[in-house]
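Open the model in your viewer and keep the selection tool ready. This tour says what to pick next and what is there.

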2 protein chains.
Amino acid sequence: MAIIRSLLDLDLYKLTMMQLVWLLHAGTPVRYRFINRTKGVKLGEAISRKELLRETNAIRELRFTADELAYLGTLGIFKDEFLTALEAFKGLPPVKVVAKKDDQLEIEAVGSWYEVILWETMLLSVVNELYYRKMLATRGMDAKEARVEGYRRLEDKIRRLILEAPSAKIIEFGTRRRFSFEWQDEVVRMLEERLPSGMFIGTSNVLLAKKHGLRPIGTFAHELYMVYACKYGETDEGLRFSHNLVMHDWFEMYGESLSIALTDTFGSDFFFRDMTPAQAVQWRGLRQDSGDPLEFGERAVAFYEELGIDPRSKKVVFSDGLDVDAVVKLEKRFHGRIGTSYGWGTNLTNDLGLEPLSMVVKVVEAAGRPAVKLSDTVGKHLGPAEEVERYKRVFGYSGGLDLECRY
Amino acid sequence: MAIIRSLLDLDLYKLTMMQLVWLLHAGTPVRYRFINRTKGVKLGEAISRKELLRETNAIRELRFTADELAYLGTLGIFKDEFLTALEAFKGLPPVKVVAKKDDQLEIEAVGSWYEVILWETMLLSVVNELYYRKMLATRGMDAKEARVEGYRRLEDKIRRLILEAPSAKIIEFGTRRRFSFEWQDEVVRMLEERLPSGMFIGTSNVLLAKKHGLRPIGTFAHELYMVYACKYGETDEGLRFSHNLVMHDWFEMYGESLSIALTDTFGSDFFFRDMTPAQAVQWRGLRQDSGDPLEFGERAVAFYEELGIDPRSKKVVFSDGLDVDAVVKLEKRFHGRIGTSYGWGTNLTNDLGLEPLSMVVKVVEAAGRPAVKLSDTVGKHLGPAEEVERYKRVFGYSGGLDLECRY
């Protein structure tokens, strides 16, 4: 059976971004690339081109079903015209795969933004699940054995959260790094069953939200800023303004309902300079995805207070490599000072005793220009050195945090 | 019989802009205001509120007919979805009219950009025609008498053009300042009949293009830059980039076919700094609408040459207060050096011996901010003094030309 069996088995943000792309940028050419940051693991060795293509070909056969479209319609965020477009969606285009023995897996998806945007989380889910199947086989384990440890750890997490951070609002964000679809499904079921009402507020996975009657949660990803930067970045001025244009376009399409802004694409120093007072008032909050979360939270509180906005009316969604310790620490610090929620990924859906991989699928090129990301963590920068330097200059980036020194 | 009898009795650019607005900015609130620059003429005296409202109410009854929509469909520039939206167009909203005795006429149209965008040229056509009816009545003339002089002058224009500027490409641009619809119709008929093939290339009036089998011609107006500047102009950076964003959005929607850029909204100095080399290559040309046209033409030639682009592959559309002398002078200077065409307005459709009015309908407010225009001619600046100064600073505007000194 294929790993991905529905076009809803992805993060909601892929569909919310897809709607914006459909309306405003359907034809913009983009190139996505799979990047394994865990360099020590040679994925070309662990996963064969053939089995990967079997999975991606199965995904390419998928269409949005009437039942799925009806469900999306109930969410109140998709226009009828977009759902009609999804109904006519002809499936994902092929991906290019090179699997080198003793080396990395190379995967690229190329095409118009509208055609290929859904590949990101699906490729990650598939690579992860294939990798862990291989790991289990290598160790002579079966999935059942691994789940024993998984349950033990998950139950420990749930217990600790209830005891140590009872006010925390948890969102399951682990689609891309999940051990397997079945395990993610089980994690969601457990959280729903065990966490007190109000502590588990939803999942980013649309299929699991549908299945478990949860709220699917998500807004947008780095790729939105990155592609806009490519598209309008012929000049430094266009590059500089492209970031705020994302926020304009997003708010125009979704209004307050999905107004949580990702803050670190070109560094959060820039983000806080760039967000206007009107936007600070209008937007519900911010998502923190790299750098020091405590420092970010303090800064968000100060940012709102300086504008005379009560931080408690706003929200920070923490989503960078969370574990229970981080959730507890952040919730203790910020509860009652600013709204918080926790988009919990890898450590939630892939904590069964096997080391998780750090991998991403990123836009590397759009509208004929190389894509760049400047993270709040230096190691997360993406892009050719020359363009990275240009972006640093244009966005006034003064270096990411060194986590070792700051904690 | 009402003056305006069809929603196609307007400049094409209203519909091409409307399509962009429909897709990207439908809900943006705007305020249009009628402005009579001929201050000596007290229009509140010449035109009664009652007769003006009779005309605007007649316009409000108009809908796009099946025949008109089918015609628009043949032009190859409107999406089916937009034509469907036009089919459902519920008519124009009411305008506010104050007619003060011994003073000006005050007219405003307020609403979402999509709803009110068509008012501009229609209001101008109506005010003009009512005014000239009144002028004729005051002088005890009838329209037939006025037309005798009109024909004499028009035939003289045609003769001179054929003799003195046989390479000139003429476009009729006089809808907004026409003496009357009937006279504009007659002018178009005469030009089509008398000018040699290739000299009369079309009209901006969609209804007359349809009637006479001509090409309707137009791209966009100052309002596009002005509303974008309001919408993205909370910050200086947003303001600065809003101009290029118009060009991005326009090119994305229409590609090369309608890629003639209006150049003077914030001064053409800025325009030439702002247009990128890629845009200079992609766009077919430029429209000159204020300042010194000879200087502008020379500058356009130099601009393209510096980029290694053959100016003869590009075009300047001159559209600022042309008469035969200007056409002859410009054509002599630029023929064979850069493509040219002449969008000829007031002096073409309102030259029957009665002094024409200089009046406009301009956006004065959008997205909650006052609108500003910086023309290449100082007297044409629009907006509150403080915002005009801000725009001058942001766009590096160094003062318009003093026509008296430069000619």
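The stops below go from a charged patch to a pair of loop residues.

This is a predicted model, where local features need pLDDT of at least 70, side-chain atom pairs count only at pLDDT 80 or more, and totals for chains, interfaces and linings use all residues. Residues are numbered from 1 along each chain as its sequence is written, chains are lettered from A and ligands numbered from 1 in the order in which they are written, and side-chain values use heavy atoms, with hydrogens and water left out.

**Stop 1: the negative patch**

Select A:Asp80, A:Glu81, B:Asp80 and B:Glu81. They form a surface patch of negative charge. Patch residues have over 30% relative accessible area and no salt bridge, and like charges are joined within 9 Å. A salt bridge is a side-chain nitrogen of Lys or Arg within 4 Å of a carboxyl oxygen of Asp or Glu.

Now show helix H5 (80-87) in chain A and helix H5 (80-87) in chain B. Each gives the patch at least two residues. Helices are DSSP runs (H or I) of at least four residues, and strands (E) of at least two.

Is A:Glu81 buried or exposed? A:Glu81 is exposed, at 51% relative accessible area. The cut-offs are under 20% for buried and over 50% for exposed, with partly exposed in between (1.4 Å probe, protein chains only).

**Stop 2: the loop alanines**

Pick A:Ala367. The loop between strands E10 (359-366) and E11 (369-370) of chain A holds A:Ala367. Its phi is positive, near 50 degrees, though A:Ala367 is not a glycine. A:Ala367 is partly exposed, at 27%.

Move to B:Ala367. B:Ala367 sits in the loop between strands E10 (359-366) and E11 (369-370) of chain B. Phi is about 50 degrees for this non-glycine residue. B:Ala367 is partly exposed, at 29%.

Terms used
Patches are made of residues with over 30% relative accessible area and no salt bridge: like charges are joined within 9 Å, nonpolar side chains (Val, Leu, Ile, Met, Phe, Trp, Tyr) within 5 Å. Accessible areas come from the Shrake-Rupley method with a 1.4 Å probe; for residues, only the protein chains shown count as cover. Lys and Arg count as positive and Asp and Glu as negative; His and the chain ends are not counted. The place of a charge is taken as NZ of Lys, CZ of Arg, CG of Asp or CD of Glu.
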